[in-house]
Protein chains: 2
Amino acid sequence: MLKQIQGGVCAAKGFKASGVHCGIRKNKTKRDLALIYSEKKATAAAAYTQNLVKGAPLTVTKNNISDGYAHAVICNSGNANTCNANGIEIAEQTCKLVADALGISAKDVVVASTGVIGQPLDVTPIANGIPALVAGLSDENSTLACEGIMTTDTKLKEIAFEFTAGGKTCRIGGIAKGSGMIHPNMATMLVFVTTDCKISAAMLQKALSADILDSFNMISIDGDTSTNDMVSVLANGTADNEEIVSEGADYDAFCEALAAVTKYLCRMIASDGEGATKLLECKVDGGKDEKTAKTVAKSVICSSLLKAAMFGADANWGRVLCAIGYSGADVDVNKVDVSFRSAKGEILVCKDGAGVAFSEEKAKEILLESEIEILISLHDGAAVATAWGCDLTYDYVKINGDYRT
Amino acid sequence: MLKQIQGGVCAAKGFKASGVHCGIRKNKTKRDLALIYSEKKATAAAAYTQNLVKGAPLTVTKNNISDGYAHAVICNSGNANTCNANGIEIAEQTCKLVADALGISAKDVVVASTGVIGQPLDVTPIANGIPALVAGLSDENSTLACEGIMTTDTKLKEIAFEFTAGGKTCRIGGIAKGSGMIHPNMATMLVFVTTDCKISAAMLQKALSADILDSFNMISIDGDTSTNDMVSVLANGTADNEEIVSEGADYDAFCEALAAVTKYLCRMIASDGEGATKLLECKVDGGKDEKTAKTVAKSVICSSLLKAAMFGADANWGRVLCAIGYSGADVDVNKVDVSFRSAKGEILVCKDGAGVAFSEEKAKEILLESEIEILISLHDGAAVATAWGCDLTYDYVKINGDYRT
């Protein structure tokens, strides 16, 4: 039984957070350095971008948590620290600086960066900012850390839930940024999750690796896989439940809570996509297998033509069929049904792969809402999938075309 | 030795063309029906969309030219005749109507449609238009046929060349449309090529199938594979060269001429992409194999972020590296060089996978041109590839988001 609670990454017992402006970003009113600290060393798990070009911080983080433990997370915005000759060195220096200030090992720090690629990153502002960052640590400051990782984000993305494992009340919460930057370059996505649930590093990684297949890997803002994407979870065991070391009811309860956090953040990231005016949620059912359902959902959510149609509140279902057809999934297109749904109702627009008569007026009313569901039935099995995205708007072009002009 | 000549699809001897307004499109000043006729029955080859959802005309055409011969091509714009319950029937009726008017077999007609998906297509305007269409046939009317297949295209796309095979002068020419419609729905691409070269149906298909891998399959406007894409070639043998029935010098000469036509049309289609202000040409060299080079070129040309940056004339090379990194190609990103080139010069922006100091002013000057080359060296072999695309602009969103509002 899940219960939503306040506190973001500080909802879990024993976690503190902080966020400051240290000078990487020129605008002094924007925080650009965030810290999450666990009083007890925590088990840690992470997932990274599949891009062959990887931000230097990802390499350092992967190395640091290879033993399954972490004590703190530091993240800067304004510079991706990617494709820089000395990127690794800068990321390691950052870990050392924050570790020294906290009295922990530099090998127990998760480090992340988000911003322009290929711009040298000077460690000086980070070094100068760390004293205030550490001094600001509090279990009430999740929001400040969330601000510190935001770039062109327009909405704070934080959430927390309470759940029960081994008879103990546990908490899990997360913050996220995506998708844009002051100098937008990549739809970089960063997610930090904390929990006081006691769970082994192996089971934590297993839970995270499974979760992202249904959550973050099912989002697309613009089809461009960032070089700096990272999701990490720290579990400090403060809830004092019997440690989760294998599958079972407690592991399932943890996974359910983790999914509640990640799915919420997915929706927040998609709805706050660069230039977006609408959250699109593509729900596929009747797939012959999960891979088919996911491939279809992802293909539809990625279609530039459909995204532009949704911006225009145009029930252009032919673009949905088209995206299903080129998805590569093995689908009988003559069995496909498509409906659009929002708070204003639901309308069937395609049955058995062909158009049906529908009220354009009603369809327009449904599609003018800010959250749209695209419902696809494949009638070929029982597999389901959901993907999240947003509409393609003038502002996406503006944000990504004009920023250095 | 190739020589560019006038005449489009009528440059080859024995071909006539025509184009009229028959009433499928509401705007009476726009032609919506095109005809290409060969006085002699021609060998025929075609390539079709890979989309599982296929326009009904493609199915009918595939069936009609399965014997390797065709006599005429008819194409309407304004309606894709796709996802319609009676689409096949309408396409077959169209073939029958034009065949009767021309005194040829309905089984020798290539039929194509371009327009909105899922809208019933009434055969009446086509039937009414055919007499004038046939009456208008002339070897000077390639441009009228080209107009008849245009939708939101802003430029006529026609070209022709002279070449020599078996000591005889041969001619080859083509017309194309792409990418948009009056009611834009799919980046539908249609290409019709004619030649008076004598070549067997098998060798013609072989030449076309090989050619499209380097030409039309290397274009992307928006990543959405249309349901109605088709390229067809008719060869009527009027040049009276010894028939090309196997590989050799004549076949090579034909392939070179075919490539000259298709590559020209590729560039025209890409530069006339919906909303485009710039033609982008991504040239990759040093690939370890052709597949790698093509995958990289295509990934870069498809990146929404890079396309938006090119619209803004922003030398944002990090987006090029990012798109290489997620392309799926096996590339050593630490060996990659990137330059931008146009009529205003060339500038190196990335060397060995990291940024180099460059003049932003010079880069801006280069990128403000209307034809931009993105040059990528992988330093891993000798394979090369070229892909074509266009920038992502406000007008792309406008054309595809607003059209029914």
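The pLDDT is the predictor's confidence in each residue, on a scale from 0 to 100, and two residues are taken to be in contact if their C-beta atoms, placed from the backbone, lie within 7 Å. The structure described here is a predicted model, in which local features need a pLDDT of at least 70 and side-chain atom pairs count only at pLDDT 80 or more, whereas totals for chains, interfaces and linings use all residues. Residues are numbered from 1 along each chain as its sequence is written, while chains are lettered from A and ligands numbered from 1 in the order in which they are written.

For the complex, the predictor gives an ipTM of 0.79 and a pTM of 0.81. The average pLDDT of chain A is 89, with 96% of the residues scoring at least 70. Over residues 180–187 of chain A, however, pLDDT stays under 50, and for this stretch the model has 45 contacts beyond four places in sequence. With helices (H or I, at least four residues) and strands (E, at least two) taken as DSSP runs numbered from the N terminus, confidence in chain A is lowest in strand 9 of chain A, at a mean of 75, and highest in helix 3 (residues 124–135) of chain A, at 98.

By an automatic or database domain assignment, chain A is divided into domain 1 (3–271) and domain 2 (279–401). The centres of domain 1 of chain A and domain 2 of chain A, taken over C-alpha atoms, are separated by 32 Å, and their contact takes 12 residues from domain 1 of chain A and 13 residues from domain 2 of chain A. On the side of domain 1 of chain A that touches domain 2 of chain A, strand 9 (219–220) and helix 6 (249–271) of chain A each supply at least two residues, the largest share, 4 residues, coming from helix 6 of chain A.

Between the chains, the contact takes 51 residues from chain B and 50 residues from chain A. On the side of chain B that touches chain A, the largest share, 6 residues, comes from helix 9 of chain B.

In chain B, 7 strands form an open sheet of mixed pairing in the order 9-16-11-15-12-13-14, two strands being paired if DSSP finds at least two bridges between them. Strand 9 (219–220) and strand 14 of chain B stand at the edges, each with a single partner strand, so one side of each is left without a neighbour in the sheet. Strand 13 (residues 345–351) of chain B runs antiparallel to strand 14 of chain B and is joined to it by 2 bridges, and B:C350 stands opposite B:G355 in strand 14 of chain B.
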